[in-house]
Amino acid sequence: MSKDQKKYGKSPSYYAWQRLKKNRNAFLSLIFIFFCAIIAIGGYVFLPDATPDANKQNLELELLPPLSKATILEVPKKEIAPQKNIISYLISGQKEKNDEVAIKSYRTENNNIIIKPFDGDKEESYPQTQTKIINRTYWLGTDRYGRDMLSRLLLGTRISFAVGLISVIISLLIGVTLGAMAGFFRGWADHFILWLMNVVWAIPTFLLVMAVSLVLGKGFWQVFVAVGLTMWVEVARLVRGQILSARELDYVTAAKALGFESSRIITRHILPNIFGPVLVIAAANFASAILLEAGLSFLGLGVQPPAPSWGVMINDHYGYIVLNAAYLAILPGLAIMFLVLAFNLLGNGLRDALDVKMK
């Protein structure tokens with residue numbers, strides 16, 4: 001701690017952090033979000049199925065319930081996929097090196113492995129030196145294509161975080177820029193930007209996202225742009241209101257008297273003082289972006305299969321809710337609910353922690 005901090009007390013950020021830690025719901029939400037972020041960044045390192053998009057299909061093992069175990073025979077592929085470096089592996093996983101055969105039972109005979117396939121009674125023989133028997137546990141079962149549910153659920157965290165992060169960045173860039181221009185310069189700029197905000201605000205958000213998605217096309221990157229372009233209005237309204245209040249304060253008047261340029265006054269003097277409210281609305285927009293992405297993917301307008309979006313997973317399996325495999329749709333629904341709830345609770349906690357009037 002510096003001498004000035006000892007003399008005059010700790011910084012406002014220190015007290016804000018202390019208030020946030022005392023808010024149990026917000027702090028636990030922050031820990032949960034951090035844990036999800038680690039999974040999203042690590043990606044394939046944490047997955048039982050590290051193939052691209054966790055898309056290893058074994059139709060013989062479809063719809064296995066949670067905690068199911070299976071015996072697998074691994075047979076090397078004729079064409080071996082090249083080994084990726086660590087960065088490429090983290091981003092896109094590793095292609096399969098072996099073909100897999102689910103088996104009921106096996107025995108060895110004359111340096112051969114005699115197996116009985118999982119879905120049949122006809123025995124098959126493989127050279128013992130070229131194959132390997134493994135036992136695998138499917139902790140959350142498998143989906144209708146025989147894919148590991150846990151792997152796809154965890155990898156879906158990456159898509160939700162990516163869409164939320166990029167969409168919030170896009171909305172902040174547009175919203176802060178337009179809101180700052182409207183609030184600081186007033187006049188025709190304020191009237192035009194306010195008119196534009198009212199027009200966008202009048203259109204239901206989900207319909208606007210769908211329209212932008214249809215124009216840009218379906219895909220992973222298109223979702224970022226579509227969601228980001230529809231979330232800037234709340235940011236712009238907040239920034240405009242904050243700057244309208246701040247532009248008449250003494251420190252802004254002093255900066256104008258010193259001849260500072262408008263861009264410097266906005267970026268170096270006003271915006272740092274309204275960072276708290278912007279951070280709060282960014283957390284709320286992050287939650288909204290996750291919901292919008294899930295809704296688009298559910299309707300087939302967002303992330304496309306086989307990418308493990310939670311919305312896609314619900315769409316693939318909502319018909320099983322009335323059957324004995326309802327968990328296939330419930331688990332990704334719970335994942336969406338918990339992550340959105342965590343961001344909302346964190347936003348509420350940040351609002352209280354950054355309030356300078358709080359003791």
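The side chains of Arg 107 and Glu 109 meet in a salt bridge, with 3.5 Å from N to O, a salt bridge being a side-chain nitrogen of Lys or Arg within 4 Å of a carboxyl oxygen of Asp or Glu. Arg 107 counts as partly exposed because its relative accessibility is 37%, and Glu 109 is likewise partly exposed, with a relative accessible area of 39%; here buried means under 20% relative accessible area, exposed over 50%, and partly exposed in between, computed with a 1.4 Å probe on protein chains only. The model is a predicted one, in which local features need pLDDT of at least 70 and side-chain atom pairs count only at pLDDT 80 or more, whereas totals for chains, interfaces and linings use all residues. Residues are numbered from 1 along each chain as its sequence is written, and side-chain values use heavy atoms, with hydrogens and water left out.

**Salt bridges**

- The structure holds twelve salt bridges, among them one between Arg 136 and Glu 100, whose closest N and O atoms are 2.8 Å apart.
- That pair links distant parts of the chain, since Arg 136 lies in strand β5 and Glu 100 in strand β2 (residues 98-109), 36 residues apart.
- Glu 100 counts as buried because its relative accessibility is 18%, and together with Lys 56 and Arg 136 it belongs to a network of salt bridges.
- Arg 152 and Asp 143 form a further salt bridge, with 4.0 Å between the closest N and O atoms, and both of these residues are buried.

**The sheet**

- Five strands form an open sheet in the order β4-β3-β2-β1-β5, with antiparallel pairing; two strands pair if DSSP finds at least two bridges between them, and the elements are DSSP runs numbered from the N terminus, helices being H or I of at least four residues and strands E of at least two.
- β4 (124-127) and β5 (132-138) stand at the edges with a single partner strand each, so one side of each is left without a neighbour in the sheet.
- From one strand to the next the twist averages 55°, where axes are lines fitted to C-alpha atoms (for helices over the stretch in contact) and angles run from 0 to 180 degrees between N-to-C directions.
- Strand β1 (residues 68-76) is joined to β5 by seven bridges and to β2 by six, antiparallel in each case.
- Within these pairings, Leu 73 has Ile 133 of β5 as its bridge partner, Ala 70 stands opposite Arg 136 in β5, and Glu 74 is partnered by Glu 100 in β2.
- β1 is mostly covered, with seven of its nine residues buried.
- Strand β3 (residues 112-117) runs antiparallel to β4 and is joined to it by four bridges, one of the bridge partners being Tyr 126 in β4 for Ile 113; the two strands form a hairpin with six residues between them.

**Ile 133 in β5**

- Ile 133 lies in strand β5 and counts as partly exposed because its relative accessibility is 23%.
- Leaving aside neighbours within four places in sequence, Ile 133 is in contact (heavy atoms within 4.5 Å) with Thr 71, Ile 72, Leu 73, Ile 103, Tyr 106 and Ile 113.

**Helix α3**

- Helix α3 (residues 24-42) has 19 residues and reaches 27 Å from its first C-alpha to its last, close to the 27 Å expected at 1.5 Å a residue, the expected span being 1.5 Å times one less than the number of residues.
- Its buried residues are Ala 26, Ser 29, Ile 33, Cys 36, Ala 37, Ile 39, Ala 40 and Gly 42, and what covers them includes α2 (12-22), α4 (86-92), α5 (149-185) and α14 (327-353).
- After α3 comes Gly 43, whose phi is positive, near 55°.

**Nonpolar cores**

- The largest nonpolar core has 32 residues, and those with the most contacts inside it are Phe 161, Trp 310, Leu 339 and Phe 343; such a core is a set of buried Ala, Val, Leu, Ile, Met, Phe, Trp, Tyr and Cys residues joined through side-chain atoms within 4.5 Å.
- At least two residues of this core are supplied by each of α3, α5, α12 (275-298), α13 (310-317) and α14, and the largest share, eleven residues, comes from α14.
- Leaving aside its neighbours within four places in sequence, Leu 339 is in contact with Phe 32, Cys 36, Ser 160, Phe 161, Ile 290 and Trp 310.
- A second, separate core of 16 residues includes Ala 162, Val 223, Val 227 and Leu 301.
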